[in-house]
Amino acid sequence: MIPRIQKRGKRTIGLLYYLYGPGKLEEHTDPHLVASWDHNAPDPGRDPTATLKQLQQLLDQPVENIDQAQRPTRHVWHLSIRNGAEDRILTDQEWGNVARRMVAAAGIDDSESGAGCRWAAVRHADDHIHIVATLVREDGYKPDLDNNARRVQAQARALEAELGLRRLNNGDGTAAKRPTSAERHKARRQGRERTAREELRETVRRALAGAISEEEFFGRLAASGLLTRKRVAPSGDLLGYKVALPDDRNKDGEPVFYPGVRLAPDLSLPRIRERWSSNTQEQDNRALPSDDTPATARRRTASAAWQAILVIEQSDSAAAASAIASAGEVLDALAKTSSVHTRRELRDAAYAFERASRSHVRAERGHDRALRRAARDLVHSGPALGRGEDGATTAMAIDMLFFLVTATVHWHSKKGHAQQAAAARQAAEHLRAAYQAAAAQPLTALYQRGRRLTRPRLQQQATVLRETLPDRAERILGEPGWYALAATIADAEASGHDPAVLLRDAAQRRELGTADSVSDVLVWRMRHMAGLPSGTSEPSENGTAKGTSGTPRARSQPFSPDRYRGGKDAAGKAR
């Protein structure tokens, strides 16, 4: 149940004409009263002798009874209350009870004092009602509406439990503006999966992923096909922007533009500039497009995600908020460059995580450079194939991003950010599905290679596993992914690594307990840390996969855990 207090108005009759009228898109059906201040207000929708003028005059009577100078400038209070599409349809009696509870919670109708404001609740659709009230009480005083928005939200949570509706989380004012009912009806009429507002928000976020300047950002918007208008000061300084879909027009045939801030709070131009504020010219130069392949960009993404997990778990709130915000850019970039079989789930993951990327904890930019660079590398490396090294490194990146999003769930939960934590959980589920699609082919190839290992070799690998991870070994040996892990241990050994130390270091990374398959997680962590190729090809004598151009590691090269963790600790200090 979503209550929304609308902007106050001056004309009661104008709001009543809208509520009892056909609606902007003919969406209003059977408008009628379900409750009112005295249980006896005239209903122009069901009583042929009642008129809108009569209802308006009764509602406005307390306002008219006081001196002109004492009347509120905007005396019309308007609350809409909407249920979700998955909720059951409430009866008129139930909606009437909802209305009475809401006006009492808001302070509109004080049942204890007996001197409330006049109000009426109109229903013109199955899933929502509107309450119109005038802000002068029967005794001539004005109602106490301090924190009325918070009070009606709390009442909505109680009503959800009592009526068996979907339980929502209280917001904190940082969510993106929801599409209006008119926008939703327009999208359905045009056959759109999402409203224009939602499509624009997604496209702008993708254009922003990894961008380092206004010129690049606006160039990407143009390349995506959006119409863009800039707001420029007389001095020539750019003040803001707004965007529109080319085929989204109003009744006069003109494009419907949305300012960035109306798409999401962090898409205003000043907030976008904050992302670039920590960049120096030297950093901008290093961020120029490279010749990286999609596979290389995905390996870097996995590395940046791991460092971000450490920041979220160990750094202060501002640094963690920065990493979480930039994780959204990485998800946008990965969805934009993914192959067909993972694109839908990655797109949905990025869409869900958008809500988790903002809170009242302000991000301190500068801690997110690795993630923003990873997003940039993904965009400039181009689309990835769904097989071979591209497919394997995509699975590797998604695997690490899943744990990054899981760390985000924990961080928001500890902060009491219920909506953000729920959004991150939803994103994690989509990433889980994307991982299963991306990992199927490379893990099957590794599994087949593991099955071809000789029995003595497999026994040797199992012994290494039991000695290194005694608490987890039996579970791993019972998983289908054990053979892929055995092949990975063999590849690591062939490349000159100590598999026991590599296994131990991989297992020490956090969140193994939430994995569906521990062996799968260890496969990707070991291959990433050791710089091993995907393993979809048989290794050559020097330890690299046939057909790859990677430089093999010398067998005599000593193993160093710091080499796999990176040369910096969680705070960014060099070891």
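I started at arginine 451, whose charged end sits over the ring of tyrosine 483, 4.7 Å from its centre. (For that I need NZ of Lys or CZ of Arg within 6 Å of the ring centre and within 35 degrees of the ring normal.) I'm working on a predicted model, where local features need pLDDT of at least 70, side-chain atom pairs count only at pLDDT 80 or more, and totals for chains, interfaces and linings use all residues. Residues are numbered from 1 along each chain as its sequence is written, and side-chain values use heavy atoms, with hydrogens and water left out.

Next I looked up aromatic pairs and got five in the structure. (Rings of Phe, Tyr and Trp, the last by its six-membered ring, pair if their centres lie within 6.5 Å; planes under 30 degrees apart are stacked, over 60 edge-to-face, the rest tilted.) One of them is phenylalanine 217 with tyrosine 241: centres 5.7 Å apart and planes at 85°, so edge-to-face.

(Buried is under 20% relative accessible area, exposed over 50%, partly exposed in between, using a 1.4 Å probe and protein chains only.) Ring pairs tie Phe217, Phe218 and Tyr241 into a cluster. I also found the charged end of lysine 230 over the phenylalanine 218 ring, 4.4 Å from its centre.
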